[in-house]
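Here is a short briefing on one protein model. Keep the sequence and the 3D view open as you read.

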Number of protein chains: 2
Amino acid sequence: MFEAAYELYYWPEIQGRGEFVRLALEEAGADYVDVGRVPRSKGGGVEAILRVLRGELGPHLPFAPPVLRAGDVVVAQTAAILHFLGPPLGLVPRDPAERLWAHQLQLTVTDLVAEVHDTHHPISTDLYYAQQKPEARRRTRHFLSERVPKFLGYFERVIDLAGGRWVLGKRLSYVDLSLFQVMEGLAYAFPRTMDALAPRFPRMRAVSEGVRQRPRIASYLASERRIPFNTEGVFRHYPELEPGGPAARRGRRRPARRNGKPASSQA
Amino acid sequence: MFEAAYELYYWPEIQGRGEFVRLALEEAGADYVDVGRVPRSKGGGVEAILRVLRGELGPHLPFAPPVLRAGDVVVAQTAAILHFLGPPLGLVPRDPAERLWAHQLQLTVTDLVAEVHDTHHPISTDLYYAQQKPEARRRTRHFLSERVPKFLGYFERVIDLAGGRWVLGKRLSYVDLSLFQVMEGLAYAFPRTMDALAPRFPRMRAVSEGVRQRPRIASYLASERRIPFNTEGVFRHYPELEPGGPAARRGRRRPARRNGKPASSQA
């Protein structure tokens with residue numbers, strides 16, 4: 001339908017999971033079309049994504065975006081897309097064992113991203129955040145105190161074991177681009193927490209800063225192709241979710257035991 | 001350390017995520033050791049898993065079990081393990097596009113399994129179920145009414161589009177084994193819901209029954225190697241979580257509006 005080598009189908013107004021694919025395509029200077037951001041009159045927009053989800057691209061039906069089309073290949077699932085794109089984009093070693101290792105790391109990024117999503121949607125993706133605020137607050141507290149240190153500590157150790165500049169060692173891979181996105185997203189969503197945690201993860205910060213300074217990534221980040229973070233994506237900044245942030249005035253259920261005040265009217 | 005071609009490192013007392021790997025190894029009649037179930041005195045047990053998580057098997061550090069070792073290869077992440085095992089076990093076509101498609105389907109199984117886990121742990125994996133019961137009840141209600149029909153409906157359509165006996169068409173793949181496990185697990189955890197939903201997914205049921213009747217799978221299921229479902233694994237049967245099941249007597253926070261009774265002392 002389009003002339004480009006790669007067609008990305010993802011929601012046009014958020015970074016979301018599609019951003020991990022966009023970063024890989026941008027770093028490689030790949031010839032791609034971000035179809036969701038093409039006007040509807042030219043075959044793009046949300047309508048194009050919905051057609052893909054209905055199966056218009058053939059029998060390999062995607063469950064959800066992002067979806068990548070490259071010639072005859074149609075592939076969904078962020079980590080699978082990157083596993084497929086890595087070799088032609090030069091963003092992963094061709095050695096099968098190294099390629100599998102990069103993919104394994106990306107799947108752990110995927111797990112982290114799913115947990116980030118569930119901080120604001122702990123009950124259901126079919127409810128608004130405002131309908132699950134007390135649970136979101138509780139889940140976020142545990143996520144920030146237990147899971148973020150665990151995930152970042154894991155990647156910190158992996159970079160250390162690799163003994164080089166990047167997570168696989170000497171050469172940049174798509175995993176580094178994804179770790180940059182994770183650090184950016186966490187810093188946007190949870191600035192107080194990440195300010196406090198940052199000194200513990202110098203290697204993660206070095207990888208992230210290294211990615212930011214790649215010429216093509218820097219150019220991308222400065223362009224309008226980079227959609228700003230917002231409260232529709234995976235990483236969302238709701239100040240009331242961070243411990244120490246402003247209290248959620250609505251939706252509290254429990255008595256605020258620490259100071260002895262009574263529970264709110266929502267209790 | 002062991003003589004077998006494959007070493008699986010997974011918790012010895014649950015099916016969990018390791019079961020998707022066990023089913024593939026069993027169907028193929030593979031030469032494997034389930035290291036966690038080997039006595040500690042012979043180098044197995046939980047201690048062996050903890051050593052692997054500390055990095056004893058080399059620089060490709062796993063984030064969590066299951067972990068598979070095959071000669072020099074050490075790989076974690078269930079879907080990545082199956083992607084690796086598929087070709088040597090004959091459980092996926094060798095055509096790269098078909099292999100990628102099978103992997104993409106497995107990643108959607110992974111997403112579903114993560115959502116199943118979060119029905120009983122919607123707030124934190126570091127808390128007990130008993131500490132997050134009200135949230136578990138609310139999340140489960142949405143999971144069963146929205147997500148289970150969406151996931152099963154997706155796989156039902158994929159099987160239909162494949163036009164054959166199995167999810168990839170004519171030949172059994174590891175994805176079929178995983179779909180069997182999903183259907184078994186859901187039926188164990190949510191029997192009332194699955195009884196009601198089953199007629200809507202005849203192809204999923206046919207795949208599942210087909211897997212159950214494979215000679216090696218039937219033999220495995222009848223053996224003590226198949227750990228029974230229990231309330232320590234991913235699929236858990238807590239009757240109070242199913243709508244229409246017995247009410248959760250503890251942990252309710254809200255007034256029971258339907259019958260006008262006051263909130264419990266936990267409110």
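A residue counts as buried when its relative accessible area is under 20%. By that rule, helix α6(B) is mostly covered, with 14 of its 16 residues buried. Remember that this is a predicted model.

- Chain A has an open sheet of 4 strands, in the order β2-β1-β3-β4, with mixed pairing.
- Which strands stand at the edges of this sheet? They are β2 (32–34) and β4 (73–76) of chain A. Each has a single partner strand, so one side of each lacks a neighbour in the sheet.
- From one strand to the next, the twist averages 15°.
- Strand β3 of chain A covers residues 67–70, and its pairing with β4(A) is antiparallel over 4 bridges.
- Within that pair, A:L68 sits opposite A:V75 of β4(A).
- Helix α3 of chain A (residues 78–89) packs on the sheet. The helix touches β1 (6–9), β3 and β4 of chain A. Its direction makes about 135° with that of β4(A).
- β3(A) and β4(A) also form a hairpin, with 2 residues between them. In the turn, A:G71 has a positive phi of about 65°.

- Strands of a sheet pair through backbone hydrogen bonds, either parallel or antiparallel.

**The sheet of chain B**

- Chain B also has an open sheet of 4 strands. The order is β2-β1-β3-β4, and the pairing is mixed.
- The edge strands are β2 (32–34) and β4 (73–76) of chain B. Each pairs with a single strand, so one side of each has no neighbour in the sheet.
- The twist averages 15° between one strand and the next.
- Strand β3 of chain B (residues 67–70) runs antiparallel to β4(B), and 4 bridges join them.
- Look for B:A70 in the view: B:V73 in β4(B) stands opposite.
- Helix α1 of chain B (residues 18–27) packs on this sheet and touches β1 (6–9) and β2 of chain B. The direction of α1(B) makes about 160° with that of β1(B).

**Two covered helices in chain B**

- Helix α3 of chain B (residues 78–89) has 12 residues. From first C-alpha to last, α3(B) reaches 15 Å, close to the 16 Å expected at 1.5 Å a residue.
- Is α3(B) enclosed or left open? Of its 12 residues, 10 are buried, so the rest of the structure largely encloses it.
- The buried residues of α3(B) include B:I81, B:L82, B:L85 and B:L89.
- After α3(B) comes B:G90, with a positive phi near 70°.
- Helix α6 of chain B (residues 174–189) has 16 residues, which should span 22 Å at 1.5 Å a residue. Its end C-alpha atoms are 22 Å apart, so the two values agree.

**Two crossing helices in chain B**

- Helix α5 (residues 133–162) and helix α8 (residues 202–212) of chain B have axes that come within 8 Å. These axes cross at roughly 75°.
- Angles from 65 to 115 degrees count as roughly perpendicular, so α5(B) is roughly perpendicular to α8(B).
- On the α5(B) side, the contact uses B:L152, B:F155, B:E156, B:I159 and B:D160. On the α8(B) side, B:P202, B:R203, B:M204 and B:V207 take part.
- The residues of this contact are 6 nonpolar, no polar and 3 charged.

- A:G233 lies in the segment after α9 (215–222) of chain A.
- Its relative accessibility is 8%, so A:G233 counts as buried.
- How far apart are A:G233 and A:Q15 in sequence and in space? They are 218 residues apart in sequence and 6.2 Å apart in space, C-alpha to C-alpha.
- Leaving out residues up to four places away in sequence, A:G233 touches A:I14 and A:H120.
- B:S124 is in the loop between α4 (96–120) and α5 of chain B.
- B:S124 has a relative accessible area of 6%, so it is buried.
- Leaving out residues up to four places away in sequence, B:S124 touches A:H142, A:E146 and B:Q132.

Technical notes: Residues numbered from 1 in each chain as written. Chains lettered and ligands numbered in written order. Predicted model: local features only at pLDDT ≥ 70, side-chain atom pairs only at ≥ 80, totals over all residues. Heavy atoms only, no water. Expected span 1.5 Å × (residues − 1). Buried < 20%, exposed > 50% of the residue type's maximum accessible area, 1.4 Å probe, protein only. Pairing = 2+ DSSP bridges. Axes fitted to C-alpha atoms, helices over the stretch in contact; angles between N-to-C directions. Contact = heavy atoms within 4.5 Å. Parallel < 35°, antiparallel > 145°, perpendicular 65-115°, else oblique. Nonpolar A, V, L, I, M, F, W, Y, C, P; charged D, E, K, R; others polar.
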